[in-house]
Amino acid sequence: MDFLALIIIVTASPVFASQCVSSNVACWPNETAWRYLSGAIVGEVVLPSDKHWKSAIKLKNPRLNLIPGAVVMAENASDVADAIKFAVSSPVPLALSVKSTGHCYSGNCMSTGSLHLDLTRMKGLTLDTAAMEMHVQPGTNFEAMYRAADKSGVQVVGGMCPTVGPVGFSLGGGHGPLIRSYGLGADNILSIDLVTAAGDSVTASLNQNAELFWALRGGGGGAFGVVTSLTFRVHPAPKQLVSLSCAWPLNRDNQNVGEPIIAKWVKDVMPALPDTWHFYTIAMKQPLGVKVRKFKGRTMNGLLVLEGLFNGQWGKDMLDAAAPVLGLGPEEQLKCDFANHTSYKAWHDQAWFANEGPIPFRTFMASSFVQPNVDTAAHAKLLTETVTSLPKFAYNMMFGVQLGGKVSQPTGGLNATSISPDFRNAFFMQENDADWNKEKDDESQIAWARSVGDAVAALPGVSGAYQNEPDPSKARGGEYEELFWGADNFNKLQQIKGVWDKKAMFDCDQCVYNKPE
Ligand SMILES: Cc1cc2nc3c(=O)[nH]c(=O)nc-3n(C[C@H](O)[C@H](O)[C@H](O)COP(=O)(O)OP(=O)(O)OC[C@H]3O[C@@H](n4cnc5c(N)ncnc54)[C@H](O)[C@@H]3O)c2cc1C
């Protein structure tokens, strides 16, 4: 692209604040400049006056109402580089934001008035079973990745929701049902192609730009450059997988019968499971999505559901390891059903909790990492009281994701990536999701999510939070940095950011940011 021509088209500007946003007409490029950029790339620029504008700025969480200044729908890495060069070479550099599939709960993948880079059209995916590698572009998603893996008899680490994409997911950590077998999404990255703040294309791997590679695997998106493709390690798939779905009431006949079951589950049963088992622990007001025929709304209040996946065949090992789960609160048990699945994809396709999750509800959440020394009685009490006191038709829920296994023993050691020590040491993550439909409920639902999140975080033996599922109200300057990365990692991440993005071109909420000068 001819940037000299472009600079002449862009409105001349006096001196402004460090980055230009669209509300500042004196520094924001005029329509001619945008149309010039649009003509120079394979993709296109969408402006507020264009008919695709509304769909171009839509994020998955309808609570968010962020309006960028222009959207670049990129089709390839060179479009990304052109857009970045356009932003950087503007008389006042333009504020940038980037999304891959736009599942950011907090909204940190889009910023008001920015040049927004949309990578949803970059859906490339190739699988090399000889090298056991999957090569993906940022706009693809787990549905496509699982389909490709399944066809070739391999497995790839991804998350639960089929529409979520691999980039934001894995740069921020990335949990899913196979992490205890193979490590986090970040642990499975073999190499990353990205465009830097200078508009250069670089590769980061163990052998090239190793410090950047360390930073990207855990440091999160939006900070170090724009990822245009990723290579993941894939794994041989077992011939069969087994699932187990169990349920108990939280309260029956005005007694908190679920509380001791949760306490025993968290204290004794979950930590003793082999790495081949992975469980989600879900506490909800009533059966939402999950089928529990024996749940009686008149006498029962709240439901505890355990959804397990055994990454291996039916057999004695699987049954022996599952026996303590079946033995939990037998008198109160509403169901404990095993099922066989021919592949991970076959299991994923039928899992009720793989649906769109809380989306398209308005969503606000918080998450915390639960450490082995957690006060299990206090945790069980908090979970039970929180869920049973929800209004009758609430969608809000408490969602626990089992960690440990290979998450705590990553290839290359605990410091091989910038994943926080709190993430590595935890044995599960406790999330609380507020999901609702009407804007009028925003205030009360956000207050619920924040106060429950803070109560979980204050429990003895809870430390750290998951950057991809954060309480978005934790502010820069001390509220989220240590929670997401730990102090040492955050310090190193800032140093590396200073090397790759000296002028702080990439900046987003709750991301790694440049050290103040
Ligand atoms: C319904 C739903 C289910 C989910 N389930 C899971 C789950 O099972 N496990 C889990 O770990 N997480 C889960 N998440 C959270 C998910 O990991 C994050 O939302 C993640 O950021 C999504 O990735 P994305 O590629 O859509 O990133 P985006 O939402 O597009 O962006 C997230 C961040 O990364 C930056 N970014 C985006 N693309 C790039 C790029 N190409 N280069 C550099 N930076 C970039 C953005 O600027 C932003 O800061 C879920 C989210 C939703 C909405």
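Predicted model: local features only at pLDDT ≥ 70, side-chain atom pairs only at ≥ 80, totals over all residues.
1. Overall composition. The secondary structure of the protein chain amounts to 16 helices and 18 strands. Its radius of gyration is 23 Å, close to the 24 Å that the globule rule gives for 517 residues, so the chain is as compact as a globular protein of that length. Along the principal axes, the C-alpha atoms fill a box of roughly 75 × 55 × 45 Å.

2. Burial and contact range. Of the 517 residues in the protein chain, 53% are buried. Among contacts with a separation of 6 or more, 73% are between residues 24 or more positions apart.

3. Domains. The chain is divided into domain 1 (3–118), domain 2 (125–237) and domain 3 (241–457). The centres of domain 1 and domain 3, taken over C-alpha atoms, are separated by 40 Å. Contact between these two domains involves 5 residues of domain 1 and 7 residues of domain 3. On the domain 1 side, the touching residues are 2 nonpolar, 1 polar and 2 charged.

4. Strand 4 (residues 115–118). Both faces of this strand are covered. Leu115 and Leu117 lie on one side, His116 and Asp118 on the other, and all are buried. Strand 4 runs parallel to strand 2 (residues 70–73), to which 4 bridges join it. In that pairing, Met73 has Asp118 as its bridge partner. Strand 3 also pairs with strand 4 in the parallel sense, over 4 bridges. Here the bridge partner of Ser97 is His116.

5. Strand 17 (residues 397–402). Which residues point to each side of strand 17? Met397, Phe399 and Val401 point one way, while Met398, Gly400 and Gln402 point the other way. Because 6 of the 6 residues of the strand are buried, strand 17 is largely enclosed by the rest of the structure.

6. Partners of strand 17. Strand 13 (residues 277–284) runs antiparallel to strand 17 and is joined to it by 5 bridges. Tyr280 has Val401 of strand 17 as its bridge partner. Strand 18 (residues 428–436) is likewise paired with strand 17 in the antiparallel sense, over 6 bridges. In strand 18, Asp433 is the bridge partner of Met397.

7. Gly302. This glycine is in strand 14 (residues 300–310). Is Gly302 buried or exposed? It is buried, since 27 other C-beta atoms lie within 10 Å and the cut-off for a buried residue is 20 or more. Leaving aside neighbours within four places in sequence, Gly302 is in contact with Pro249, Leu250, Asn251, Gly258, Ala283, Lys285, Thr384, Val387 and Thr388.

8. Asn254. Most residues other than glycine have a negative phi. Asn254 has a phi near 65°, a positive value in a residue other than glycine. Asn254 is in the loop between strand 12 (241–252) and helix 9 (258–272). With 9 C-beta neighbours inside 10 Å, Asn254 counts as exposed, the cut-off being 12 or fewer.

9. Gln510. The phi of Gln510 is also positive, at about 55°, although the residue is not a glycine. Gln510 is in the segment after helix 16 (487–500). How many C-beta neighbours does Gln510 have inside 10 Å? The number is 26, so Gln510 counts as buried. Asn254, by its own neighbour count, is exposed.

Key
Residues numbered from 1 in each chain as written. Helix = DSSP H or I, 4+ residues; strand = E, 2+ residues; numbered from the N terminus. Pairing = 2+ DSSP bridges. Domains from an automatic or database assignment. Nonpolar A, V, L, I, M, F, W, Y, C, P; charged D, E, K, R; others polar. Rg over C-alpha atoms; globule rule 2.2 N^0.38 Å.
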